[in-house]
Structures are given as structure tokens and as C-alpha cells.
Amino acid sequence: MKLINDKIVDDLFESLGLKFLAQQKQDEIMTRILELISQRAGAKIVEGFSEKETKEFNEIPKDDLEQMEDFMILKNPNAEEIFKQEAQVVESELLNNKA
């Protein structure tokens, strides 16, 4: 993924203390977290699309994440920053809701 870089993943992994979990559990949790970040950030970016851009974006196959990312980057130069911000929000929410 271009919009969720290794630094974001590493920061989440470290701050959430995932290294203390079994590898399978680490993978499951990170996958769910990255999906959540992608959904939230993607929705924010798509909200700013014109009707034509939204139509073009919706024509991209749902399993072609690379093409979706390329489109978001092309249409919104702040896409990477939006993903970083959303990663911080999700991280904060998870840390503040620990039992």
C-alpha cells in the first residue's frame, strides 16, 4: 500500500504493544486496523470527489487496491496526509479504550 507506509504500520505495532501477541494474532489485529484506517480515510477522500470522479472511482474493481490508491493520490494531493491523520485517530481511539 502506498498510502499506509511502513512507518505508519511500525508506529501502530509498537504503540499498541502487538509484539507481545502471537504472530497470528498480530496479523489479524493489524489487518483489521489497516482496513479500518483505509475505510475511514478513503471515505474522507471520496467525499471530496466530484460526481464524475466518484463515478470513475466506483468503476475501479473493488479488489484493485493499487488502482484505487493511485486514483485517490491523483485526485487528492493530500491523500497521504489524510491516511496519516486517520491512523493517528485510530491509534488514539484504541489506546484510550484499553481495558
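Visitor: How many helices and strands does the secondary structure of the protein come to?
Guide: Five helices and zero strands. This is a predicted model, and read along the sequence the pattern is α-α-α-α-α.

Visitor: What does the C-alpha trace span along its principal axes?
Guide: About 45 × 25 × 20 Å.

Visitor: And how much of the protein is buried?
Guide: Of the 99 residues, 31% are buried.

Visitor: What share of the contacts comes from residues 24 or more positions apart?
Guide: 62%, counted among contacts with a separation of 6 or more.

Visitor: Which residues in α5 are buried?
Guide: Ala79, Ile82, Phe83, Glu86, Ala87, Val90 and Glu91.

Visitor: What covers them?
Guide: The cover includes α1 (6–15), α2 (23–47) and α4 (65–75).

Visitor: How do the axes of α1 and α5 cross?
Guide: They come within 11 Å and cross at roughly 10°. An angle under 35 degrees counts as roughly parallel, so α1 is roughly parallel to α5.

Visitor: Which residues make that contact?
Guide: From α1 they are Ile8, Asp11, Leu12 and Ser15. From α5 they are Lys84, Ala87, Glu91 and Leu95.

Visitor: Back to Glu91, then. What is the nearest side chain of opposite charge?
Guide: Lys7, which is 8.9 Å away. Glu91 is buried yet has no salt bridge; a salt bridge needs a side-chain nitrogen of Lys or Arg within 4 Å of a carboxyl oxygen of Asp or Glu.

Visitor: What does Glu91 touch instead?
Guide: Leaving out residues up to four places away in sequence, Glu91 touches Asp11, Leu12, Ser15 and Leu16. Among them, Asp11, Leu12 and Ser15 belong to the α1 side of the contact with α5.

Visitor: New topic. How many salt bridges does a search of the whole structure find?
Guide: Eight. One of them joins the side chains of Glu93 and Arg40, at 2.9 Å from N to O.

Visitor: Where do Glu93 and Arg40 lie?
Guide: Glu93 is in helix α5 and Arg40 is in helix α2, so the pair ties together parts that are 53 residues apart in sequence. Glu93 is partly exposed, with a relative accessible area of 31%. Arg40 is also partly exposed, at 28% relative accessibility.

Visitor: What about Lys52 and Glu56?
Guide: Their side chains meet in a salt bridge of 3.7 Å, N to O. Both residues lie in helix α3 (residues 51–58), four residues apart, which is about one turn of the helix.

Visitor: Which residue does the side chain of Lys55 meet in a salt bridge?
Guide: Glu59, at 3.7 Å from N to O. Lys55 is exposed at 55% relative accessibility, and Glu59 is exposed at 56%.

Visitor: Which residues do salt bridges with shared partners join into one network?
Guide: Arg40, Lys44, Glu86 and Glu93.

Key: Residues numbered from 1 in each chain as written. Predicted model: local features only at pLDDT ≥ 70, side-chain atom pairs only at ≥ 80, totals over all residues. Heavy atoms only, no water. Buried < 20%, exposed > 50% of the residue type's maximum accessible area, 1.4 Å probe, protein only. Lys, Arg positive; Asp, Glu negative; His and termini not counted. Contact = heavy atoms within 4.5 Å. Helix = DSSP H or I, 4+ residues; strand = E, 2+ residues; numbered from the N terminus. Axes fitted to C-alpha atoms, helices over the stretch in contact; angles between N-to-C directions. Parallel < 35°, antiparallel > 145°, perpendicular 65-115°, else oblique.
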